[in-house]
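Here is a short report for a reader who is new to this structure. Look over the sequence and the model, then read on.

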Amino acid sequence: MRKYFDPFRLAALSGAAAFLVACGGGGDAGADGASSEGGADADAAPAIDPATTGTVVGTVTYTGSAPAPVSIDMSEEPACAEKHDDAPMRVPVRVSGDGGLANGFVYIKEGLADRDWGPPGGDVTLDQEGCEYIPHVMGVRAGQDIEIVNSDGLMHNINAGPELNRGFNINQPTNMTSTRSFARQEIMIPVRCDVHGWMEGYIGVMEHPFFAVSGEDGTFRIEGLPAGDYTIGLWHEELGEREMVVTVAAQEEATADFTLDDSTAGTASLGEPLVIHHSHAAGAASR
């Protein structure tokens, strides 16, 4: 049925709305006592004064002898093999010359106030280049779009297996981009390719913006934390999980250095590592 514009009804509704606002009924007070009036700005999280925040910095270090890398046979995918300067290898424990451990997911585990931390920001990219996931470990906000890119131009299958979120399994037969997101916090979500069994990656989903991934030298940095006491969590795909408590002071840096060895290898929350297959057939990856 076609609906017609009724100027008299609109005027009546506008008058009623004006009456409610004048009587204080135009917006509910939030948890901090602020009115929710104000149009588009009403849903924005209250800004945090930078003068009241600090930073957590640290280094993830591995002691002992790192497991030997595992050779990956990409002979059936020469286009991918050609993108590697050296023979492609799976390096689950990537250690720098001075012991820095890469690909540790570091995040604020406990201590944050129960509040809205604002929108998740722009899109993040998970690329498939040289038949590898780049980055291998990444963090996103809940609800943040992940642009999954196929830069190889050959068949990839992206199979995400969360426990708390809705998973997905999509095909990308050529150069293309698919967009996905996860609705709630989860540490961590494994991603694999059912066509290339050696392809694996991990995504940490957070409700807040305070997380980082340790770089090739093992260092990380988390900025903008309100002053307070926090439990810092560390997750590594092969070496398990650690945590420590730090105190963050306004306008200062707190240090959170983690030292890992092989004593907890295989205890990460995702269970056993992926089995490396050198098959081009679908379903080659298994846990």
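## Aromatic groups

Phe105, Tyr107 and Phe211 come together in one aromatic cluster. This is a predicted model. The count of aromatic pairs comes to five.

## Charges over rings

Arg115 lies over the face of Trp117. Its distance from the ring centre is 4.8 Å. The charged end of Arg180 sits over the ring of Phe168. Here the distance to the ring centre is 5.8 Å.

## The chain as a whole

How many helices and strands does the protein chain have? There are two helices and 19 strands. The protein chain has 287 residues, and 39% of them are buried.

Contacts can also be sorted by separation in sequence. Take those in the protein chain between residues at least 6 apart in sequence. Of these, 64% join residues at least 24 apart.

## The largest pocket

The largest pocket holds about 460 Å³ of space. It is lined by 23 residues. Closest to its centre are Met89, Arg94, Glu132, Tyr133 and His136. Two elements give two or more residues to this lining: strand S3 (89-90) and strand S6 (133-134).

What kinds of residue make up the lining of the largest pocket? It divides into 14 nonpolar, three polar and six charged residues.

## The loop at Gln251

Gln251 sits in the loop between strand S17 (240-248) and strand S18 (253-255). Is Gln251 buried or exposed? Its relative accessibility is 58%, so Gln251 counts as exposed; the cut-off for exposed is over 50%.

Gln251 also has partners from elsewhere in the sequence. Leaving out residues up to four places away in sequence, Gln251 touches Pro50, Ala51, Thr53 and Gly54. Pro50 is 201 residues from Gln251 along the chain. Even so, 8.1 Å separates their C-alpha atoms.

## The loop at Ala183

Where is Ala183 found? It lies in the loop between strand S11 (176-180) and strand S12 (186-192). Ala183 is exposed, because its relative accessible area is 60%, and exposed means over 50%.

Which residues does Ala183 touch, not counting residues up to four places away in sequence? They are Ala142, Gly143 and Asn165. Met206 is 23 residues from Ala183 in sequence. In space, the two are 9.6 Å apart, C-alpha to C-alpha.

Terms used
Residues are numbered from 1 along each chain as its sequence is written. This is a predicted model: local features need pLDDT of at least 70, side-chain atom pairs count only at pLDDT 80 or more; totals for chains, interfaces and linings use all residues. Side-chain values use heavy atoms; hydrogens and water are left out. On a 1 Å grid over the protein atoms alone, a cavity is a set of points where a 1.4 Å probe fits but cannot get out, and a pocket is an open set with protein on both sides within 12 Å along at least five of seven lines; lining residues have an atom within 4 Å of a point. Grid points are joined across faces, edges and corners, and a volume is the space filled by probe spheres set on the points. Helices (H or I, at least four residues) and strands (E, at least two) are DSSP runs, numbered from the N terminus. Ala, Val, Leu, Ile, Met, Phe, Trp, Tyr, Cys and Pro count as nonpolar, Asp, Glu, Lys and Arg as charged, and the others, Gly among them, as polar. Rings of Phe, Tyr and Trp (its six-membered ring) pair if their centres lie within 6.5 Å; planes under 30 degrees apart count as stacked, over 60 as edge-to-face and the rest as tilted. A charge sits over a ring if NZ of Lys or CZ of Arg is within 6 Å of the ring centre and within 35 degrees of the ring normal. Buried means under 20% relative accessible area, exposed over 50%, partly exposed in between (1.4 Å probe, protein chains only). Contact means heavy atoms within 4.5 Å.
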